[in-house]
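Let us walk through this model from the inside out.

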Amino acid sequence: MGKRDGEPGRRLRVAAVVLLVLGGVLSCVGGLGGYFFMPTKVIPSTNMQPTHPRGGSAVFNLLITEVHRGDVVLFDASVWGERGMFVERVVAVGGDRIAYMPGVGKLILNGQPLDEPYVLGGVPVAGSPAAFDVTVPEGRLFLLGDNRGNSADSRYRFGETEGGTVPLSAVKGAVIERGHPLLVGLRSALFVGVGVLAVASASGIAGLRLRRRAEAAAAQAAYAAYAGQLPPQGL
């Protein structure tokens with residue numbers, strides 16, 4: 001055991017293996033978690049202005065397990081008879097009662113005016129086609145765009161689904177802030193992992209070079225000893 005520990009470059013090679021495993025784990029966790037399951041997507045329309053303008057980007061957490069009022073979600077628009085993925089804001093969840101009455105400047109949520117500072121122009125009832133009063137079924141969501149004057153959202157879908165709502169199962173992700181500790185931690189892990197892999201490669205190469213130099217020196221010494229034992233050659 002002691003003889004192997006003294007083998008030239010052995011410690012560097014062992015360190016390289018350990019770092020290789022660590023770097024691989026960090027890279028996989030960071031890459032999958034921070035980029036595959038939390039991808040950056042381009043906002044395709046103007047319906048979420050001014051929060052998310054068309055052509056801008058947002059990071060979506062595809063691992064969400066719960067959806068809350070105020071969340072901006074990515075969902076499968078086939079539930080509305082559309083193709084592709086849409087982005088809207090959750091205004092009401094299962095059990096909530098959401099209503100609009102002409103002449104009232106705000107939506108009414110569970111009997112109280114709903115404060116929505118994120119709405120474009122500060123007009124949360126802009127574009128509302130007619131009065132409505134919806135009690136959201138359990139397991140469903142009432143979704144609206146922040147650009148109320150230009151958003152074909154739940155207000156326009158009453159004839160297609162229950163109260164224009166969307167099932168939770170259609171939601172594929174929710175916007176996560178770029179500075180969220182989970183996102184920052186996962187994406188940082190990828191870069192740290194790549195750095196560790198680079199160090200592992202350098203350590204492994206250095207260890208192999210030391211071993212090869214030691215082997216070459218040992219071979220030369222053995223040859224010199226062998227040559228010294230040969231009888232002198234006569235003329």
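A nonpolar core is a set of buried Ala, Val, Leu, Ile, Met, Phe, Trp, Tyr and Cys residues joined through side-chain atoms within 4.5 Å. Buried means under 20% relative accessible area, exposed over 50%, partly exposed in between (1.4 Å probe, protein chains only). This is a predicted model: local features need pLDDT of at least 70 and side-chain atom pairs pLDDT 80 or more, while totals for chains, interfaces and linings use all residues. Residues are numbered from 1 along each chain, and side-chain values use heavy atoms, without hydrogens or water.

The largest nonpolar core has 13 residues. Val91, Ala92, Ile98, Leu107, Phe132 and Phe142 have the most contacts inside it. Strand 4 (85-93), strand 5 (97-100), strand 8 (132-135) and strand 9 (140-144) each supply at least two of its residues; strands are DSSP E runs of at least two residues, and helices are H or I runs of at least four, numbered from the N terminus. Another core, of twelve residues, lies apart from it and includes Phe75, Trp80, Val93 and Val171.

Now the charged pairs. A salt bridge puts a side-chain nitrogen of Lys or Arg within 4 Å of a carboxyl oxygen of Asp or Glu. There are eight by this rule. Glu82 and Arg157 form one at 3.1 Å, N to O. The two are 75 residues apart and link distant parts of the chain. Arg157 counts as buried because its relative accessibility is 5%. Arg157 also bridges to Glu160, with the closest N and O atoms 3.4 Å apart.
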